[in-house]
Amino acid sequence: MAYYARDDFFNNPEILARSVEILKGNLTLDWRDLDIERVKCRPSNARRGLTFADTNVGSYGWDQIPEKIRHNYSMAPRGAVQPPGLPHLGYDINRKSEVWADCAPALYEESKARHWIPTREVPWDAVEEIAHSDELERGLAQLYTDLTSMATALGDIPSKWVWRINQELLELKMFQCTQMFDAAQLADVSRKRAIAGGTGLGRDHAPLGELLKCVLDSGSFPCASASAHILLAGLMQIVLRHIGACSPNPADQTIARFGVQDVSRSTAYGIGHMQYLLKERPHEAPSLTGHLDEVENALVGYLASPMFFSAIALVTAGQRDKAPDAAPQVIALYRRFADEQRERRRSAGIGSDSSPLEAFVSELES
Amino acid sequence: MAIKFPSVDFFQELARRMAADPAGFEKLGFCDTVMGVKVEGDSSHLYALTFDVFECSDVRELASPGDAELDFTLEAPLELWREMFESIKKTGHPEPAYSLNSLSHVGDRMRVVYDEPEGHDAFYRFMATIQAFVDQSAELEIEWA
């Protein structure tokens with residue numbers, strides 16, 4: 001244990017005496033005397049309900065969070081009275097722009113509202129009646145195996161950082177909790193789908209591990225955010241879209257449709273985060289760009305890996321003997337992904353003229 | 001009574017049906033986006049559909065894309081839209097090749113046009129709702145333009 005409370009409460013006779021007095025009915029009620037802002041909040045849309053945006057008022061709102069948080073290192077919810085003596089919780093992310101995106105509160109509400117339950121909503125019986133070949137199923141199982149690892153990493157990123165972020169940024173932290181749940185669920189459904197298909201899970205492989213290690217080992221939250229939310233979530237989005245477009249199975253169609261919506265909230269946050277950060281601290285753009293180029297280098301290793309390239313080609317072609325003919329379609333998929341990544345990076349303010357992904361795809365095309 | 005496609009009436013009828021099925025669309029969650037639907041043919045038509053919480057609250061035909069702040073626009077020839085709606089008509093859901101995801105994937109049969117990537121990602125954030133919205137056409141008798 002690294003922290004011991006400042007009093008030995010159990011052995012403090014004053015504590016016991018005070019408790020006895022309360023049990024006798026001598027309540028201590030001075031905590032009710034508050035000099036605090038009173039506001040009225042109602043849902044701006046009755047069907048949406050009372051959202052974070054509806055409570056973004058006065059001292060309770062996120063608009064008043066300063067760029068540098070110096071006034072609260074405790075677990076006190078923003079706007080609550082903070083008496084002297086609150087312990088310092090040890091947050092080391094106390095700058096709003098380091099984590100904030102203006103879209104985060106709405107994405108949190110959206111995540112809750114669009115929650116789905118793969119355990120019941122995926123038509124699992126359809127997996128029993130797979131109309132495609134064992135070879136296609138083997139390819140799908142490999143992609144789902146990769147997606148399981150990717151989703152786990154996508155959940156590890158917010159869980160690695162959330163406890164270090166100042167409690168004042170609570171809407172952002174709540175959004176990170178939904179990211180963790182969404183990622184857990186995507187890992188869960190990917191794993192189940194691979195196993196349920198009958199061919200079992202596929203192989204792990206070093207190029208994927210290298211990519212995920214580069215994402216997970218990002219040295220700051222902005223670097224982690226750019227690599228996880230813009231690059232990794234973007235990759236997961238297009239792999240899920242591709243599965244949905246190639247597999248005729250209703251289970252895969254359902255997983256793709258709902259999985260895509262979950263990872264797309266992370267891409268929205270990632271872009272919004274970079275935009276907010278670089279508006280406040282534009283000098284950070286070069287280091288973030290360099291970091292993302294480095295993670296893209298690992299991404300190229302993954303996209304070029306024989307296992308991923310072959311699995312994508314097999315899923316695209318639908319059967320092994322036609323897989324070599326699918327190479328142009330795989331390159332077209334990579335081109336689409338590279339274009340989308342370029343657009344996201346540009347919008348985020350971290351576009352790159354030396355993007356390894358762009359160079360790799362251009363080389364393939366030539 | 002047949003409803004002409006493309007027309008404002010067609011999309012308004014889908015919006016009316018969406019409002020009449022709160023349980024179905026509340027289950028899919030909030031949908032907040034303004035999307036364009038472009039039907040290309042001898043005379044092209046562009047529509048703006050505004051989705052707000054659980055409803056499609058506004059349908060308008062636009063003279064040009066600049067007349068509304070569209071997050072993204074789905075563009076396809078009339079013939080493809082017809083194939084998609086006829087596929088939906090068979091079972092209430094499209095065959096896999098005619099889902100919005102499949103049509104808009106790499107082959108570019110249906111183009112997703114957008115100014116900013118946030119708009120493009122909005123299509124994927126709300127695709128389940130938009131697919132359910134167009135799937136309601138299964139119950140319509142459509143008169144093709």
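Mentor: Let's begin with the overall dimensions of chain B in this predicted model. Along the principal axes, the C-alpha atoms of chain B fill a box of roughly 40 × 35 × 30 Å. Of the 145 residues, 44% count as buried. If you look at contacts in chain B between residues at least 6 apart in sequence, 67% of them join residues at least 24 apart.

Chain B is built from six helices and seven strands. Reading from the N terminus, the order is β-α-α-β-β-β-β-α-α-β-α-α-β.

Now pick one residue inside that chain, Phe72(B), which belongs to strand β5, residues 72-77. Phe72(B) counts as buried because 25 C-beta neighbours lie inside 10 Å, and the cut-off for buried is 20 or more. Setting aside neighbours within four places in sequence, the contacts of Phe72(B) include Met35(B) and Gly36(B), and also Val112(B), Val113(B) and Tyr114(B). Further along the sequence, Phe72(B) also touches Gly119(B), His120(B), Ala122(B) and Phe123(B). As for Ala48(B), which is 24 residues away along the chain, its C-alpha atom is separated from that of Phe72(B) by 9.8 Å.

From here we can turn to the side of chain B that faces its partner. The contact between the chains takes 20 residues from chain B and 32 residues from chain A. On the chain B side, α4 (100-103), α5 (117-125) and α6 (127-135) each supply at least two residues. The largest share, five residues, comes from α5(B). By class, the chain B side divides into 10 nonpolar, six polar and four charged residues.

What does α5(B) meet across the boundary? One partner is helix α9 of chain A, residues 250-280, whose axis comes within 8 Å of the axis of α5(B) and crosses it at roughly 160°. The two helices, α9(A) and α5(B), are therefore roughly antiparallel to each other, and α9(A) passes α5(B) in a left-handed crossing. From α9(A), the residues taking part are Val260(A), Gln261(A), Ser264(A), Arg265(A), Thr267(A), Ala268(A) and Ile271(A). They meet Pro117(B), Glu118(B), Asp121(B), Tyr124(B) and Arg125(B) in α5(B). Taken together, the residues of this contact are five nonpolar, three polar and four charged.

Helix α9(A) also has a neighbour within its own chain. Helix α6 of chain A, residues 170-196, packs with α9(A) at an angle of about 155°, with the axes 11 Å apart. That angle makes α6(A) roughly antiparallel to α9(A), and the crossing of these two is left-handed. On the α6(A) side you will find Phe175(A), Gln179(A), Asp182(A), Leu186(A), Val189(A) and Arg193(A). They meet Ala251(A), Ile255(A), Gly259(A), Asp262(A), Ser266(A) and Tyr269(A) in α9(A). The contact of α6(A) with α9(A) has six nonpolar, three polar and three charged residues.

Note on methods:
Residues numbered from 1 in each chain as written. Chains lettered and ligands numbered in written order. Predicted model: local features only at pLDDT ≥ 70, side-chain atom pairs only at ≥ 80, totals over all residues. Helix = DSSP H or I, 4+ residues; strand = E, 2+ residues; numbered from the N terminus. Buried ≥ 20, exposed ≤ 12 C-beta atoms within 10 Å, placed from the backbone. Contact = placed C-beta atoms within 7 Å. Nonpolar A, V, L, I, M, F, W, Y, C, P; charged D, E, K, R; others polar. Axes fitted to C-alpha atoms, helices over the stretch in contact; angles between N-to-C directions. Parallel < 35°, antiparallel > 145°, perpendicular 65-115°, else oblique. Left-handed = near helix turned anticlockwise from the far one by under 90°.
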